[in-house]
Amino acid sequence: MKLEAVELIRLNVPLKSAFRTSFSSVNLHQVVWAHVITDQGEGWAECGANERPDYSNEYHTGAMDVLKQFILPDLFRLGDDLTAEAVAPTLEWIKQHRMAKAVIETAILDAQLRGENKSLATYLGSTKTRVPSGVSVGIMDSLDELMGYVDGYINEGYVRIKLKIEPGWDYEPVKLVRETYGDDLLLQVDANTAYTRNDFDLLKRLDEFNLLLIEQPINEEDVLGHAKLADYIETPVCLDESIVSADIARDAIELGAAEIINIKPARVGGYIEAKKIHDVSVANGIPVWCGGMLETGIGRAANLALAAMPGFTLPGDTSASSRYFETDLTEPFVLKDGHLEVPTGPGIGIDPIPEIIERFAVSREWIRG
Ligand code: NPG
């Protein structure tokens with residue numbers, strides 16, 4: 001396969017409601033897509049980088065810059081030797097920049113699989129035809145507002161609720177949701193690194209609510225701190241931001257810091273590395289689930305293929321299109337009986353709708369080899 005041209009598209013997609021985490025509040029899903037043209041056909045992928053370096057060190061302009069200056073020239077230079085599997089080894093010399101690497105590897109993988117008439121789910125060895133959907137509920141201005149959203153999502157059929165927490169918005173909202181819906185509700189929390197090693201007693205108070213897990217409570221670089229916390233509290237500690245590769249996952253598991261892992265392909269450099277994290281987790285008896293970054297249908301389709309792998313035993317942040325957007329950029333993903341169907345078509349199994357790209361695109365730029 002040969003890479004002929006790449007289109008980088010910046011999109012501003014309105015969210016139905018603001019999404020607030022311990023690191024930001026957004027009304028728009030501002031996102032970069034890669035659209036690749038190869039001699040075997042085209043491919044699409046969504047970049048995980050936020051507009052600002054608030055979730056990870058990557059951000060749009062930076063991701064586009066490293067793509068244009070270093071990543072794409074190297075991939076054009078591969079000529080006919082381009083395969084999705086060759087992308088990571090070719091780019092290994094470039095330190096980090098995993099979200100930028102992931103978007104191009106995924107778009108190339110999409111083109112490759114479309115050419116082979118094979119779905120991403122089949123490529124990954126996925127076994128399920130549908131996956132259970134959880135929903136991530138942002139930090140709200142009041143408990144009433146929170147309960148309005150939680151109630152709505154439960155009525156729609158979401159099988160698991162994740163509450164975003166931060167100091168000052170933790171014990172009370174979790175208590176209220178647990179007491180309102182009882183012990184059968186699958187409930188977990190996500191701190192996005194908002195706590196410190198000094199907060200262990202505060203986090204221990206959450207033990208009384210029988211949570212599925214607490215996600216990334218402290219700094220992503222403090223893996224040892226997570227191991228100490230995992231010893232101290234009953235709630236299983238799940239890592240997100242800390243797990244940027246299969247090697248780090250292996251080490252965090254051995255250290256006792258990762259009792260559960262949230263896998264986001266964008267964060268780890270793509271679906272091939274994500275599969276390795278799945279495999280190392282399964283080999284060690286560690287459950288995994290698929291995270292989300294408010295993806296449009298293009299990113300969601302690929303995540304569903306991953307979430308259908310056998311080790312994904314917990315519901316993911318793979319919600320329906322309607323949880324985020326009035327208008328998605330693909331055919332919308334619809335919740336059926338608390339599940340989303342895994343696409344079966346070639347590649348990621350779904351196409352963007354050109355008129356909707358036009359509506360939300362703020363810039364489109366072609367780079368040719
Ligand atoms: O349903 O896609 C979703 C959102 C899930 O909470 C969610 N994502 O920290 O995991 C996270 C958070 C996030 C959103 C992270 C945007 C990065 C960007």
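A salt bridge is a side-chain nitrogen of Lys or Arg within 4 Å of a carboxyl oxygen of Asp or Glu. Keep that in mind while you explore. The structure on your screen is a predicted model, in which local features need pLDDT of at least 70 and side-chain atom pairs count only at pLDDT 80 or more, while totals for chains, interfaces and linings use all residues. Residues are numbered from 1 along each chain as its sequence is written, and side-chain values use heavy atoms, with hydrogens and water left out.

**Stop 1**

Start by selecting the strands β5 to β11. Strands here (E, at least two residues), like helices (H or I, at least four residues), are DSSP runs numbered from the N terminus. Seven strands form an open sheet in the order β5-β6-β7-β8-β9-β10-β11, with parallel pairing. At the edges stand β5 and β11 (288–290), each with a single partner strand, so one side of each has no neighbour in the sheet. Two strands count as paired if DSSP finds at least two bridges between them. Strands of a sheet pair through backbone hydrogen bonds, either parallel or antiparallel.

**Stop 2: β5 beside β6**

Now select residues 134–137, which make up strand β5. Four bridges join β5 to β6 in the parallel sense. Click on Gly 134 and look across to its bridge partner in β6, Arg 160. Next, go to Val 137 in β5, which stands opposite Leu 163 in β6. Is Val 137 buried or exposed? With a relative accessible area of 0%, Val 137 is buried; buried means under 20% relative accessible area, exposed means over 50%, and partly exposed lies in between (1.4 Å probe, protein chains only).

**Stop 3: along β6**

Select residues 160–164, strand β6, where five of the five residues are buried. Show the side chains and see which way they point. Arg 160, Lys 162 and Lys 164 point one way, and Ile 161 and Leu 163 the other way.

**Stop 4: the salt bridges**

Lys 162 and Glu 215 are buried.

Asp 317 sits in the loop between α12 and α13 (321–324), so its link to Lys 162 in β6 ties together parts that are 155 residues apart in sequence. Asp 317 is buried, as is Lys 162.

Now widen the selection. Arg 160, Lys 162, Lys 164, Asp 190, Glu 215 and Asp 317 are linked in a network of salt bridges. How many salt bridges does a search of the whole structure find? The search finds 26. Another one to select joins the side chains of Lys 264 and Asp 240 (2.8 Å, N to O).

**Stop 5: an enclosed helix**

Select residues 297–307 to bring up helix α12. Eleven of its eleven residues are buried, so helix α12 is largely enclosed by the rest of the structure. Among the buried residues are Gly 297, Arg 300 and Leu 306.

**Stop 6: a hairpin**

Move to strand β2 (residues 25–38) and strand β3 (residues 41–46), which pair in the antiparallel sense over six bridges. Together β2 and β3 form a hairpin with two residues between them. Pick out His 35, and opposite this residue you will see Trp 44 in β3.

**Stop 7: two positive phi angles**

Select His 97, in the loop between α2 and α3 (98–116). His 97 has a positive phi of about 50 degrees, although it is not a glycine. At 31% relative accessibility, His 97 counts as partly exposed.

Then jump to Asp 337, in the loop between α13 and β12 (339–341). Asp 337 is not a glycine, yet it has a positive phi of about 55 degrees. At 65% relative accessibility, Asp 337 counts as exposed.
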